[in-house]
Amino acid sequence: MSTVADRPRTDGAAGIAVRHVLARIGRYVFLCLVLAFFALPLLWLATAPFDDTPTIGVSLPQFTLANFRALLDNPYALPSLLNSVWLAGGTAVLVVVFAALAAYALSRVRVPGRDALLYGLLLLSSIVTGTATMVPLFELAVRVNLIDSRLGVILILTGGLLPAAIFILKDFMDATPTSYEESARVFGASPLQIMRHIVVPVVRPGLATVGVWAVANVWGNFLVPFLLLGPDKRPAAVIMYTLYTEGGQADLRLLSTFSLLYSLPVALMFVFVSSRYGFRFHGGIKR
């Protein structure tokens, strides 16, 4: 039989349970609001290209493919996507190759001041941005005749991304067992053979990470291609800013359609690399 002294305990336990339920409800409501905040722009991106009269709001589209036909009439829209592929792919290949070689050398060779050099390069690349160096880079491109050249843009973007890429890949190289390499040396393998047949297969997730990161950085880069390339060679990030009406307002029909096509390659690349390699954490190192 319960006593008067037991009632406050029961009331206190009930209050704690109620507060726990209310906290959980509040947490779920907050998560739903955050999800809606990020999902609404994606819903607009998925529906506006198929709407006859798109607006800045999300609504059921009046389905049409006229926006895609209008985009095909633009002489620079689709070629700019191919230009983006060339710039992003070329830069990613150079960044992965040079960063892998440099990171392997810094990981295996004991050079005095190695860590200070690596952190110094990373710090300088973060402080001295591409905007601050655009004048000397433009002057250099003029002197070596790389104006309106995709190669010039690829080399400039590669130089800007290399310090961070080397820093990322060095952690992967440090985590690679050296016993494999020592066994290969016993059988007469050269350093390049060791790098190609032993190190690269082990650090493939790291190479994929750097490749995706490099492509994403180049894909959205505006300033360097805008200053160094002509209209025929400019990537999609630059051409997107030309999709305006004669009155200076954004043409939502073309802009939404082009934005969908512009975002698909990077999204598909991320899905492919993630499913192919899988990004998992092992001992604090992303493998």
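Q: What is a salt bridge here?
A: A salt bridge is a side-chain nitrogen of Lys or Arg within 4 Å of a carboxyl oxygen of Asp or Glu. Glu-181 forms one with Arg-185, with the closest N and O atoms 3.8 Å apart. The model is predicted: local features need pLDDT of at least 70, side-chain atom pairs count only at pLDDT 80 or more, and totals for chains, interfaces and linings use all residues. Residues are numbered from 1 along each chain as its sequence is written, and side-chain values use heavy atoms, leaving out hydrogens and water.

Q: How many salt bridges does a search of the whole structure find?
A: The search finds three. Another of them joins Asp-174 and Lys-170, at 2.9 Å between the closest N and O atoms.

Q: Is Glu-181 buried or exposed?
A: Buried means under 20% relative accessible area, exposed over 50%, and partly exposed in between (1.4 Å probe, protein chains only). Glu-181 is buried, at 1%, while Arg-185 is partly exposed, at 45%. In the other pair, Lys-170 is buried at 8% and Asp-174 is partly exposed at 40%.

Q: Where do Asp-174 and Lys-170 lie?
A: Helices (H or I, at least four residues) are DSSP runs, numbered from the N terminus. Both residues lie in helix 6 (residues 150-174), four residues apart, about one turn of the helix.

Q: How is the packing of two helices described?
A: By the angle between their axes and the distance between the axes. Axes are lines fitted to C-alpha atoms over the stretch in contact, and angles run from 0 to 180 degrees between N-to-C directions. Helix 3 (residues 77-108) and helix 9 (residues 204-219) pack at about 140°, with axes 8 Å apart.

Note on methods. Helix = DSSP H or I, 4+ residues; strand = E, 2+ residues; numbered from the N terminus.
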